[in-house]
Amino acid sequence: MQKVNCNILDFLLLCYSLMAGFNFYFTHQNRLCLFEVAKWSTFLLCYIVARKISHKERILWGIIFLGMVEGIIAIFQKTHWLNSVHHDFNVTGTFSNPGPLGGFMGATITIILGLYLTKKCFIPKWALFTIFILFCFILLLADSRAGFLSTLFGMATLCCLFKKMKVESFVLIKSVSLFLFMILFIISIYYYKKDSADGRLLIWRVSIDMIADAPLVGHGIGTFENKYMYYQAQYFESHPYSKYEKLADNIVYPYNEFLRIGVEQGIIGIIFILCIIASIFKYTSKEKYNKVYLGGFVSLLTFSMFSYPFNVLLLWLLGSLLLGGIQYQKNIYALTKYKFQSSWIIIVCLVLSIKGGMIIII
């Protein structure tokens with residue numbers, strides 16, 4: 001008998017992947033979407049690799065390195081040494097617009113702060129502080145409201161996880177002050193680009209109507225883009241004098257991944273996602289680098305409430321690395337008569353990712 005070591009996150013991700021696979025199969029029975037296959041294969045590949053790496057700090061430094069590459073590209077774009085990907089924005093990094101760049105910078109800034117709090121030597125703290133200032137500058141260049149919010153919530157999570165003060169009155173005052181600051185910050189972010197914010201409120205309102213029509217299992221993975229415009233037209237037929245009428249547009253993303261899951265996978269999909277999130281906060285071990293992973297995860301989670309990281313490859317893989325790097329308090333040991341080799345899964349995922357990527361490029 002062979003003993004297989006896994007944790008509750010592995011089990012939940014497996015269940016969710018099976019549920020999503022059935023959902024996708026019944027939605028697209030007549031065709032196989034290699035993009036989705038490659039996307040999920042790459043996610044699983046990065047997750048398994050991150051799980052197998054024993055020195056979890058290396059993953060965090062790898063993410064910071066990617067952030068430095070994006071930051072250098074952003075600076076070159078700002079100085080017109082490189083052209084941005086989007087003709088309406090000067091700074092985008094390797095992304096299609098500044099929004100995902102802001103989200104990636106927000107998660108990376110949170111990770112840098114977390115590593116800074118774990119270090120005691122002067123030299124690494126000085127280096128991390130320098131990188132922190134640079135990345136904050138890149139975040140300002142991106143001018144992403146969702147990026148600002150993700151940074152704020154990620155750093156607030158680290159402050160809570162690394163707090164050392166034991167005086168209850170002081171902790172209460174600090175918590176209330178932080179809460180009020182975050183509320184004021186969110187309000188100011190709303191009025192910073194009010195028309196854009198109202199446009200997202202319209203999208204969320206229409207998305208709720210879509211969920212109401214298929215609440216249990218959703219409309220099917222990949223159907224949001226195809227069905228949204230019909231529901232938006234129905235909304236304006238029912239609300240001919242809506243204040244959102246001038247904000248109507250051809251929409252591809254719901255700008256909220258929870259709403260996308262609700263639209264495409266229904267309540268079942270949302271329950272799976274909430275169980276995964278709850279397990280992360282409940283069963284994560286107290287090891288110091290786990291606090292950094294949690295901060296980065298909260299930052300990315302916050303960004304997902306106002307943007308579309310599941311459709312951006314680098315952010316999608318960032319989520320996979322953060323999940324794979326988290327260590328759990330308890331592991332589950334399963335006995336099987338078959339020899340389990342994760343290397344075979346890695347090879348299969350790598351082949352599918354490469355094949356899907358080549359077809360997309362061609």
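This is a predicted model: local features need pLDDT of at least 70, side-chain atom pairs count only at pLDDT 80 or more; totals for chains, interfaces and linings use all residues.
First, the ground rules. Residues are numbered from 1 along each chain as its sequence is written, and side-chain values use heavy atoms, leaving out hydrogens and water.

Confidence next. The chain averages a pLDDT of 82. At least 70 is reached by 81% of the residues.

Now α10, residues 257-283. Helices here are DSSP runs of H or I, at least four residues, numbered from the N terminus. How far apart are the end C-alpha atoms of α10? Only 24 Å, short of the 39 Å that a straight helix would reach at 1.5 Å a residue.

Then the partner. Helix α1, residues 8-27, packs with α10 at about 175°, axes 10 Å apart. Axes are lines fitted to C-alpha atoms over the stretch in contact, and angles run from 0 to 180 degrees between N-to-C directions. So α1 is roughly antiparallel to α10 (angles over 145 degrees).

Who meets whom? Contact means heavy atoms within 4.5 Å. The α1 side includes L12, Y16 and M19. The α10 side includes Q265, I268 and F272.

Notes: pLDDT is the predictor's confidence in each residue, from 0 to 100. Helices (H or I, at least four residues) and strands (E, at least two) are DSSP runs, numbered from the N terminus. The expected span of a helix is 1.5 Å times one less than its number of residues. Angles under 35 degrees count as roughly parallel, over 145 as roughly antiparallel, 65 to 115 as roughly perpendicular and the rest as oblique.
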